[in-house]
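Have the model open alongside and follow the residue numbers as we go.

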Amino acid sequence: MKTRELLLKLKLAKSIGIKSEYRFYRWLKSTYDVIPDELNMTAEEIAETLMLSKNKSKTFINFYNSDKLNSELDHHINHVKWLTIIDDLYPENLKEAYLPPIVLFYFGDLSLLENKALAIVGSRNNTEYSVEVIRRLMPDVINNGITIVSGLAKGVDRLAHLAAIANHGKTIAVIGTGLDQYYPRENEALQRTIAKNHLLLSEYPVGCRPARYHFPERNRIIAGLVRSILVTEAKYRSGSLITANLALQNNRNVLAVPGRIDSELSVGCNDLIQAGAKPVITAKDILEEYKY
């Protein structure tokens with residue numbers, strides 16, 4: 001079997017998680033000086049390599065050898081666009097980030113992964129403050145050739161993607177479902193636009209519906225793809241702060257928009273600034289991070 005197809009099959013084998021998938025890639029890297037184009041391994045050999053428990057090993061082997069999985073593999077090989085961590089087009093900055101996905105599924109323009117990129121995240125229940133912040137900051141940022149990355153959630157994510165499009169820039173959406181799912185449903189038209197004219201990414205196979213744990217997993221990809229991440233509004237202990245912390249782990253620049261001390265949605269940003277994040281007042285504050 002082609003090694004990249006084996007990685008795809010491993011990704012489709014839902015009986016293991018992202019840590020086990022990445023462990024297999026690390027094993028490949030440590031075992032071979034040059035990862036071979038072809039790799040034939042039984043399910044038993046893979047389970048042993050992953051050091052699965054007896055029960056997990058049995059579940060994995062049964063599913064890995066099933067007609068259902070082989071049918072899904074055939075469908076994805078022939079009808080879905082996908083990229084593996086051993087492919088030349090896989091972004092180097094993501095490969096070096098925390099727990100990079102072994103497979104990415106996509107629609108759109110993969111060349112956007114080569115652009116300078118800024119992640120914008122914030123509350124799903126933003127106030128007009130985020131609207132005004134993005135309206136003021138984005139034109140200069142986008143005119144300087146920076147691609148906007150976000151998670152296509154409602155709220156600030158949606159505002160960020162729309163601002164990129166409105167200012168004739170480019171945007172990358174990293175979603176927490178399969179490419180054929182729309183969550184939230186209100187973003188369906190926007191998702192279709194991004195898939196056609198920009199770049200839509202997911203590590204989840206076609207047909208995969210939203211799950212609570214997908215979104216923290218999705219956030220590590222957003223943090224890994226960019227040089228800097230901007231938080232506009234965030235509650236204390238919000239998902240946006242998780243993304244910011246992942247960015248710090250990946251040695252990315254964390255930027256935050258200061259807000260009123262009596263605003264619940266500015267607590268997270270003000271805390272980030274107190275902890276050392278760069279306060280952003282103008283587009284120049286962002287563009288300074290892209291001079292080198």
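Which residue in β2 does Leu83 stand opposite? Leu83 stands opposite Leu104 in β2.

Before going further, some ground rules. This is a predicted model, so to speak: local features need pLDDT of at least 70, side-chain atom pairs count only at pLDDT 80 or more, and totals for chains, interfaces and linings use all residues. Residues are numbered from 1 along each chain as its sequence is written, and side-chain values use heavy atoms, with hydrogens and water left out.

**The sheet**

Helices (H or I, at least four residues) and strands (E, at least two) are DSSP runs, numbered from the N terminus. Two strands count as paired if DSSP finds at least two bridges between them. On that basis, nine strands make an open sheet with mixed pairing, in the order β1-β2-β6-β5-β4-β3-β7-β8-β9. β1 and β9 (278–279) sit at the edges with a single partner strand each, so one side of each has no neighbour in the sheet.

Back to that opening pair: β1 (residues 82–84) and β2 (residues 103–108) run antiparallel and are joined by three bridges. β2 and β6 (residues 199–202) pair in the antiparallel sense, over four bridges.

Elsewhere in the sheet, β3 (residues 117–121) and β4 (residues 147–150) run parallel, with three bridges between them. Leu118 has Ile148 in β4 as its bridge partner. Helix α7 (residues 128–143) lies across β3, β4 and β7 (228–231), running at about 170° to β3.

**Helix against helix**

Two packed helices are described by the angle between their axes and the distance between the axes. Here the axes are lines fitted to C-alpha atoms, for helices over the stretch in contact, and angles run from 0 to 180 degrees between N-to-C directions.

| Helix pair | Angle | Axis distance |
|---|---|---|
| α1 (residues 3–12) and α5 (residues 67–79) | about 125° | 10 Å |
| α8 (residues 156–166) and α9 | about 50° | 11 Å |
| α10 (residues 214–225) and α11 (residues 239–249) | about 45° | 9 Å |

As for labels, angles under 35 degrees count as roughly parallel, over 145 as roughly antiparallel, 65 to 115 as roughly perpendicular and the rest as oblique. That makes α10 oblique to α11. α1 and α5 are oblique to each other too, and so are α8 and α9.

Handedness goes like this: a crossing is left-handed if the near helix is turned anticlockwise from the far one by less than a right angle, and right-handed if clockwise. α1 and α5 cross in the right-handed sense. Contact means heavy atoms within 4.5 Å, and α1 brings Glu5, Leu8, Lys9 and Leu12 to it, facing Leu69, Asn70, Glu72, Leu73, His76 and Ile77 of α5. For residue classes, Ala, Val, Leu, Ile, Met, Phe, Trp, Tyr, Cys and Pro count as nonpolar, Asp, Glu, Lys and Arg as charged, and the others, Gly among them, as polar. The α1 contact with α5 then splits into five nonpolar, two polar and three charged residues.

The crossing of α8 and α9 is left-handed. From α8, Arg158, His161, Leu162 and Ile165 meet Leu190, Thr193 and Ile194 in α9. By class that gives four nonpolar, two polar and one charged residues.

α10 passes α11 in a right-handed crossing. Pro216, Asn219, Arg220, Ile222 and Ala223 are the α10 residues, and they meet Gly239, Thr243, Leu246 and Ala247 in α11. Five nonpolar, three polar and one charged residues make up that contact.

Rings of Phe, Tyr and Trp (its six-membered ring) pair if their centres lie within 6.5 Å; planes under 30 degrees apart count as stacked, over 60 as edge-to-face and the rest as tilted. The whole structure has five aromatic pairs. In one of them, Phe24 and Trp27 have ring centres 5.5 Å apart and planes at 35°, so the pair is tilted.

Most residues other than glycine have a negative phi, and most peptide bonds are trans. Leu99, in the loop between α6 (92–95) and β2, has a positive phi near 45°. The peptide bond from Tyr183 to Pro184 is cis, with omega near 0°, and Pro184 is in the loop between β5 (171–174) and α9 (188–197).
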